[in-house]
Amino acid sequence: ELRRAGDAIDAVHRRVADWLRAGRTEREVAADIADAIVAEGHETVEFVIVGSGPNGADPHHEVSDRVIEDGDVVVVDIGGAVPSGYNSDSTRTYVVGSPTTEQAERIAVLVRAQQAAVDAVRPGVTAHEVDGAARQVLTDAGLGEAFLHRTGHGIGVSVHEEPYIAPGNDLPLREGMAFSIEPGIYFPGSWGARIEDIVVVTADGCVRLNNAPHALASVG
């Protein structure tokens with residue numbers, strides 16, 4: 001059922017280009033996304049975050065009446081519950097038009113950091129070590145201080161539950177655990193980016209439940 005939820009939210013991300021463009025407000029885009037979450041097979045919409053431009057630099061931003069502008073980097077973090085009660089939760093980062101060279105380079109590092117954390121997942125590895133895998137890639141690129149939160153959280157019939165993929169959490173991962181991997185980078189007053197997938201621990205690694213493209217997507 002988590003896979004079903006993951007497939008459904010991936011389908012929504014693949015349609016974001018239909019709604020995300022300059023001249024619309026975050027709230028307008030979010031309303032279209034919410035409708036699509038239900039249309040793609042969810043029973044409820046748990047959250048829709050559309051953080052454009054400087055609003056994307058706030059990890060806790062949801063939506064506002066800010067009008068999206070050409071050149072904005074936009075964080076879209078969305079999730080809902082399928083009829084069984086299991087939840088989806090996936091984030092992708094978009095740009096309206098073309099990114100600056102700096103934005104493109106920094107988001108490419110973020111994609112690598114997210115992949116590094118996914119690659120680190122297997123039974124016996126600690127939550128701290130998975131968090132550290134993402135953090136190390138960002139730190140090596142000079143972006144460590146821009147990563148302001150934990151790497152992930154458990155998910156199931158609750159959107160947020162244990163295990164928490166965070167510094168200092170020495171909990172060993174076990175086969176069957178499901179959680180998000182969602183490093184982000186945030187530049188206050190300017191822009192932010194986050195990439196998030198749900199993964200499930202397998203006997204020798206993990207399976208990724210979200211497969212919409214991870215790279216920065218140009219829309220509008």
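**Spaces and a helix pair**

Analyst: The count comes to 1 cavity of 30 Å³ or more. Keep in mind that this is a predicted model.

User: How is such a space found, and which residues line the largest cavity?

Analyst: Rolling a probe the size of a water molecule over the atoms shows where empty space is left. Here the largest cavity has a volume of about 30 Å³. Its lining is made of Leu2, Gly6, Asn87, Ser88, Asp89, Ile198, Leu209 and Asn210. By class, that lining has 3 nonpolar, 4 polar and 1 charged residues.

User: What is the volume of the largest pocket, and which residues are closest to its centre?

Analyst: The largest pocket has a volume of about 380 Å³. It is lined by 16 residues, and Pro59, His60, Asp77, His160 and Glu182 are the closest to its centre. Strand 1 (44–52) and strand 4 (152–154) are the elements that give two or more residues to this lining. Sorted by class, the pocket lining has 3 nonpolar, 6 polar and 7 charged residues.

User: Now the helices. At what angle do the axes of helix 3 and helix 4 cross?

Analyst: The axes of helix 3 (residues 101–120) and helix 4 (residues 127–140) come within 8 Å and cross at roughly 155°. An angle over 145 degrees counts as roughly antiparallel, so helix 3 is roughly antiparallel to helix 4. The crossing is right-handed.

User: Which residues make the contact?

Analyst: Helix 3 contributes Val109, Leu110, Arg112, Ala113, Ala116, Ala117 and Ala120, while helix 4 contributes Val130, Ala133, Ala134, Val137 and Leu138. The residues of this contact divide into 11 nonpolar, no polar and 1 charged.

Methods:
Residues numbered from 1 in each chain as written. Predicted model: local features only at pLDDT ≥ 70, side-chain atom pairs only at ≥ 80, totals over all residues. Heavy atoms only, no water. 1 Å grid on protein atoms, 1.4 Å probe; cavity = no way out; pocket = protein on both sides within 12 Å on 5 of 7 lines; lining within 4 Å. Points joined across faces, edges and corners; volume = space filled by probe spheres on them. Helix = DSSP H or I, 4+ residues; strand = E, 2+ residues; numbered from the N terminus. Nonpolar A, V, L, I, M, F, W, Y, C, P; charged D, E, K, R; others polar. Axes fitted to C-alpha atoms, helices over the stretch in contact; angles between N-to-C directions. Parallel < 35°, antiparallel > 145°, perpendicular 65-115°, else oblique. Left-handed = near helix turned anticlockwise from the far one by under 90°. Contact = heavy atoms within 4.5 Å.
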